[in-house]
Amino acid sequence: MKNKYYIVGSGIVGCVIAHELAEKNAEVTIYERREHVGGNLYDFTDEHGIHVHLYGPHIFHTKIERVWEYVTRFCGWQDYNLVCGSIMDGICVPTSFDFESVDKFFPDEAELIKEHIKSVYGDQKSATVLEMLECEDAYVRKFAQYLYDKDYAPYTAKQWGIPPEKVDRQIFKRVPILFSYGSKYFDDPHQAMPETGYTELIKNLLANENISVKTNTEALDIISVNNDMVYINGKPADGTVIYTGPIDELFGCRYGRLPYRSLRFEWKYEDKESFQDMPVVAYPQAEGYTRITEYKKLPCQKVKGTTYAVEYPLPYKKGEANEPYYPVLTDESNELFAKYKKLAEQVNNLICCGRLADFKYYNIDQAIDRALDVAEKLMNGE
Ligand SMILES: Cc1cc2nc3c(=O)[nH]c(=O)nc-3n(C[C@H](O)[C@H](O)[C@H](O)COP(=O)(O)OP(=O)(O)OC[C@H]3O[C@@H](n4cnc5c(N)ncnc54)[C@H](O)[C@@H]3O)c2cc1C
């Protein structure tokens with residue numbers, strides 16, 4: 001008899017776990033409520049021949065060697081260093097912010113500001129905007145305050161729908177300020193894009209006869225939890241359930257809803273060579289939207305015309321036409337999550353993992369690392 005596993009969600013976490021278990025001859029069934037596999041990594045070629053990411057731009061980057069070794073087994077990769085920008089007061093600068101921002105926003109005082117930064121921070125390569133705002137040096141503070149007022153604060157408020165003071169401090173660390181020129185958005189040793197797209201990577205992970213995938217299937221119509229048992233179609237589960245959806249929904253939101261942020265994408269096509277200077281540009285001062293991705297500027301795209309997506313953040317409401325993309329991390333939401341986690345730990349044969357079930361802001365590599373850990377534990381019988 002093969003061991004049985006039921007996986008809720010065909011995002012990268014569900015698919016890596018499915019692959020690992022199926023390789024060990026387990027029988028794996030995946031339930032996916034969307035009409036396609038891949039979760040937020042899903043990509044495809046649009047009617048203009050431009051390869052787009054339906055749920056926002058995804059650039060792979062990692063420091064985790066075992067994850068890089070793992071993903072390169074399933075498809076070819078093209079090295080790619082993402083260049084992002086931000087437009088403030090009509091001027092576009094690269095992000096992470098660097099000395100180019102000093103030159104462009106403070107042309108008359110640029111040398112002075114850079115000298116003060118160097119004398120305060122010495123050999124240090126970067127700092128967060130919050131650290132720089134607390135600096136005793138008035139020139140350092142002036143530069144940081146400008147970026148905070150024009151970019152970090154309005155962008156963050158739109159993205160998370162809450163005042164910047166309430167946002168988890170970790171978020172501000174994601175875009176540090178660099179004390180040099182030629183900034184890159186990520187500093188990981190491996191930065192790349194799958195040559196034929198993420199959907200191909202996902203399909204290769206799932207290409208095993210021990211895996212069956214049921215798309216257009218809401219798992220919570222089939223799977224339920226009662227005290228310490230998971231039920232499938234009203235009977236105690238005859239295998240382990242791995243749940244990668246929003247953890248509050250698994251328990252009927254009994255303690256209240258965990259807050260997730262969603263996005264609405266406005267897709268546009270224009271018959272012109274270029275729409276903006278860089279593939280991903282933030283528009284912190286724009287009304288309602290945060291950033292625009294111009295897909296032909298990502299690798300492997302030599303086409304006429306250009307497709308771009310304008311991102312409008314909004315709260316997630318189940319049942320309405322949007323998806324839970326980002327867990328909103330605050331002290332209150334972390335406390336609420338801890339209550340759901342405790343409930344999940346009391347249930348036999350249930351593992352909750354992934355961005356939505358762990359209520360954590362995982363990048364793709366962290367999500368894969370988590371999936372490999374879970375698969376290893378399951379295979380070791382833990
Ligand atoms: C806009 C955006 C941009 C991003 N850009 C990057 C980037 O550039 N680089 C990077 O490294 N990371 C990026 N990420 C993060 C990346 O998307 C995640 O790390 C990764 O997708 C997490 O995978 P997952 O399997 O945990 O979750 P998901 O991809 O969310 O997959 C969960 C799946 O479960 C399904 N599901 C949920 N509940 C149920 C249910 N009840 N029944 C059936 N199916 C269900 C969902 O439909 C979904 O397909 C980005 C994320 C977003 C939102």
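Me: Hi! Which residues come nearest to the ligand here?

Reply: Hi! This is a predicted model, and in it G9, G11, G39, G56 and G245 come nearest, out of 36 residues around the ligand.

Me: And how does that shell split by class?

Reply: There are 18 nonpolar residues in the shell around the ligand, along with twelve polar and six charged ones.

Me: Which helices supply at least two residues each?

Reply: Both α1 and α11 do that for the ligand shell.

Me: OK, let's take α1. How many residues has it, and what does it reach end to end?

Reply: Helix α1 covers residues 12–23, which is twelve residues. From the first C-alpha to the last it reaches 16 Å, close to the 16 Å expected at 1.5 Å a residue.

Me: Is α1 mostly covered or mostly open?

Reply: Mostly covered, with eleven of the twelve residues buried. The buried ones are I12, V13, G14, C15, V16, I17, A18, H19, E20, L21 and A22.

Me: What do they pack against?

Reply: Quite a list! The strands are β1 (4–8), β2 (27–31), β12 (211–214) and β16 (240–243), and the helices are α8 (198–206) and α11 (364–379).

Me: What about the nonpolar core, which residues have the most contacts inside it?

Reply: I17 and A18 have the most contacts inside the largest nonpolar core, which has 93 residues. Helix α1 gives the largest share of this core, eight residues.

Me: Where does that core lie relative to the domains, and why?

Reply: It lies between domain 1 and domain 2, because both give residues to it. The domain assignment puts 4–43 + 61–79 + 193–257 + 327–379 in domain 1 and 84–178 in domain 2. Taken over C-alpha atoms, the centres of the two domains are separated by 36 Å.

Me: Tell me about α11, then. What covers its buried residues?

Reply: The cover includes α1, β5 (60–62), α2 (65–71), β16 and β22. The buried residues themselves are I364, D365, A367, I368, R370, A371, V374 and A375. As for the helix as a whole, α11 has 16 residues and reaches 22 Å between its first and last C-alpha, close to the 22 Å expected at 1.5 Å a residue. Just after α11, G381 takes a positive phi of about 75°.

Me: Switching to cysteines: where is C353, and is it buried or exposed?

Reply: C353 sits in the loop between β22 (350–352) and α11. It counts as buried because 24 other C-beta atoms lie within 10 Å, and the cut-off is 20 or more.

Me: What is C353 in contact with?

Reply: Beyond its neighbours within four places in sequence, C353 is in contact with V13, I242, T244, D358, R370, A371 and V374.

Me: What phi does N25 take?

Reply: N25 has a positive phi of about 70° although it is not a glycine. It is in the loop between α1 and β2. N25 is exposed, with 10 other C-beta atoms within 10 Å.

Me: How about D89, what is its phi?

Reply: D89 has a positive phi of about 50°, and it is not a glycine either. You'll find D89 in the loop between β7 (84–88) and β8. D89 is exposed, since 9 other C-beta atoms lie within 10 Å and the cut-off is 12 or fewer.

Key:
Residues numbered from 1 in each chain as written. Predicted model: local features only at pLDDT ≥ 70, side-chain atom pairs only at ≥ 80, totals over all residues. Helix = DSSP H or I, 4+ residues; strand = E, 2+ residues; numbered from the N terminus. Expected span 1.5 Å × (residues − 1). Contact = placed C-beta atoms within 7 Å. Near = placed C-beta within 6 Å. Nonpolar A, V, L, I, M, F, W, Y, C, P; charged D, E, K, R; others polar. Core = buried A, V, L, I, M, F, W, Y, C linked by C-beta atoms within 7 Å. Domains from an automatic or database assignment.
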